[in-house]
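Please open the structure in your viewer and keep the sequence panel beside it. The stops below can be selected one after another.

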Amino acid sequence: MYAFLPRTLPETLSALTELALDLRWTWSHALDALWQTIEPELWARSPNPWVILQNISQKRLDELAGDSIFLQDLNRAIENRRCYLSELGWYARRRDSDSPIRVAYFSMEFGLSEALPLYAGGLGVLAGDYLKTASDLDAPVIGIGLLYQEGYFRQIIDANGDQREAYPYNDPTSLPVQPTIGADGAWLKVELRLPGRMLFVRVWQAIIGRTRLYLLDSNDVRNGAADRGITAKLYGGGAEMRLLQEVVLGIGGWAMLEALGIEVEVCHLNEGHAALVVLERARRFMQHTNVSFREAMWATRAGNVFTTHTPVPAGFDAFPPSLVYTYAREYLREFNLSVDDFLALGRLDPTDKDEPFNTAYLALKGCAHVNSVSRLHAEVSRRLFSGFYPRWPLDEVPIRHVTNGVHMPSWDSVWSDHFWTCACGKDRWLGTVEGLAEPMSASVDESLWTLAAKQRHDLVRYARERLAWQLGQRGASPQLVSEAAQVLDPNVLTLGLARRFAEYKRPNLLLKDPARLTRLLTDAQRPLQLIIAGKAHPEDAQGKALIREWFEFTHRSELRRHVVFLEDYDLALAQHLLQGVDVWINTPRRPREACGTSGMKTLCNGGLNLSTLDGWWAEAYRPEYGWAIGSGGDGSDEADADSLYRLLEEEVVPAFYARDAQGVPRSWVQRMRASTSHLAPRFSTNRMLIEYMERFYRPAARTYRRRCESGARLARALHAWDSALATDWHEVHFGAVESRREADQWHFRLPVYLGEISPDSVKVELYAAADGKLPAESTLMSAEGSIAGAISGYIFSASVPASRPVEHYTARVRAWHEEAFLPAESAWIAWQR
Ligand SMILES: *Cc1c(COP(=O)(O)O)cnc(C)c1O
């Protein structure tokens, strides 16, 4: 251990360092009592073991070192940790020869804990949840990210309701991370060549149970002042800063893996920010295997997975070509590529010299496996990337989807943890989640209702404390601060609404008709209450105005007790909110929310979702689980707001307050049960990771290995195959089709001329497009033989049921190789008409 503590711990307590540095404490709460014993007051303020260890006094250390009960507990904790580490987990027990040796998950942000603030929002929280799941399942996934000196901004709302941004310094010595030591015993520094200089990148690591997160930062004393700041802010600087961050993440990340000798077969790019890794991976492959850049791409691409997260082109990073050229000038020489060929890797139109260099495009070209993050988002993404598959039907654009999930043990409350343990056992989130719905469905109404009440109580207490603290920080009067202790009511229907204040998320939809909302909040018999949080991007004036609107609303004297705005939305606040709310509201403008995960975090706690049919909710929603705002079209703000109010007035509020003689709202509890038992397993990162493993990582690892064998023989063959198609494709053309009907079959015969292309390099298909009722279909046509007297002309034939009219059918020729992912890796296609 090379951890920074202000003093050495007594021998008997030294194991505390090991426990505090393992971020498993962010989701396993078995040790909480131990830390609480050490420093109860500090623990109450900041439940962060690493902070406790750094601030403990010598006197307290001496006491603990002589406290036999404490030492016993400590030993048990250490035993427990070593057990977790040494036992084979669920995935490790299922390993076989197709399993990847290791998957490296690259992400600009990781949201593991507010104690390691390297995230801005959903993308980072997803990455953090994913690593925790990898640890729990014992799946060979490691994380690669950046260690920001300041990270994302912290939000302060001033007395006028204006958002102020603060960037407190993340002193690495007070973060639960440690330097990574290289083979020579020194702190590992990766060296990257930049124009005119070297960039030294320091490597850190965080321990996440069984797995590791490697973090890179540029704050090395040997770097110039400007370069030291490359990893200062998350989403802070301009285009050049962003490009340099992506260089550190992608190029530095791969260089680091090689320096440490960590063998990785699959690279998973969490969003296009990490795209440059595909270049560095290919470059190193060229060197090791002595092949060309294109051949290296054919080999390594099989092992690269790209997950796209945005539904709008503006969400992609696109850099000015001159900027990319400045940084790539020397680097691209090693690829033996011209400048234009290099820049074309990030372009849709390789011939357009003005087109920016788009890293999502690079990722698409550099990854054989591409996916979006919900079913609806896959449709949107296919449209966004359709330009790369000209003449392909939209539904064949090779972008699949794996819907996101959340790491349930990070989001459940102590109460729901206990509840689930009784129904499904302690190990329920340590493997597959099939089979959890059934025991949970048997839970008793009264117990579920008690669960909701306890969680709501805790949330109200937390909100009061946080509000009082926030007012104190703002310098509010003691009277105002003490009034905070009286806001909200633990027995009132509690709605939560927290998100990035971006226009498309419509955080103010509920404010469309303030009078109508006020009536709901202040109803004498059946009131509701509202807790709101969220940050606006520092440059987003519109988002900030939306915050101000809520701020002003919450300060109306008649509403102060019914609605609160909690500032500085972070993981800790999100956890409390999602554990305690009865209903979570989400109002994105469809289809702008690629997936959204916040609503999933309430599932394990029995909270219900009230959301537009966007992202994950579009595939999860059923009336027995929750409520849908609007009708699934792209409703106007007015119509959606009206739908939202109406659902609250006519369904949500009546259902919550319809108590029977035992005081239980039966239909409400029924929804809680259905939602928690069926949706929590389905939207867990367990399901998500297993899907990535089965559908992406295993095929990726298997194919990557095959392409690498014998000096990348197969990769070279694939490159040769594809290059030949590129040269000769223009020669493909069709003769006149013959069709005839026989009984209930159509028979087609078609002459096809392939020029220099071998018939083995293509597939000829009979295709009918989808039309309202009927799905698209394609039928393989078989070669009957050569056309007499023609050079490289062949007759292809096929028969299909005559249930569709003959004019529905057309033929097409497409590139074909059984070892390639198609059309992802080679999109050649020609149509008969
Ligand atoms: C889950 C989470 C998000 C993502 O929320 P969405 O509304 O689903 O985009 C953002 N920030 C924090 C702190 C979260 O915990």
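Predicted model: local features only at pLDDT ≥ 70, side-chain atom pairs only at ≥ 80, totals over all residues.

Residues are numbered from 1 along each chain as its sequence is written, and side-chain values use heavy atoms, with hydrogens and water left out.

**The ligand**

Select the ligand together with the 13 residues that surround it, among them K505, G596, T597, S598 and K601, which are the closest; a residue counts as near if one of its heavy atoms lies within 4 Å. By class this shell has 5 nonpolar, 5 polar and 3 charged residues, where Ala, Val, Leu, Ile, Met, Phe, Trp, Tyr, Cys and Pro are nonpolar, Asp, Glu, Lys and Arg charged, and the others, Gly among them, polar. Domain 2 (92-401) and domain 3 (422-683) each contribute at least three residues to the shell, the bounds coming from an automatic or database domain assignment.

Now display the polar contacts (pairs of N or O atoms within 3.5 Å; within protein, one must be able to donate a hydrogen and the other to accept it, and residues adjacent in sequence count only if both atoms are side-chain atoms). Ligand oxygen atoms lie 2.7 Å from a polar backbone atom of T597, 2.8 Å from a backbone N or O atom of S598 and 2.7 Å from a polar side-chain atom of K601. The protein buries 93% of the 390 Å² that the ligand exposes when taken alone, by the Shrake-Rupley method with a 1.4 Å probe, and for residues only the protein chains shown count as cover.

**E265**

Next select E265, in the loop between α10 (239-260) and β11 (266-270); helices (H or I, at least four residues) and strands (E, at least two) are DSSP runs numbered from the N terminus. How accessible is E265? Its relative accessibility is 4%, so E265 counts as buried (under 20% relative accessible area; exposed is over 50%, partly exposed in between, with a 1.4 Å probe and protein chains only). The side chain of E265 makes a polar contact of 2.7 Å with the side chain of R705, and a polar atom of the E265 side chain lies 2.7 Å from the backbone nitrogen of I101.

**Backbone features**

Finally, select A712 in helix α28 (residues 685-728), where phi is near 60 degrees, a positive value in a residue other than glycine. The last stop is the cis peptide bond joining R590 and P591, with omega about 0 degrees.
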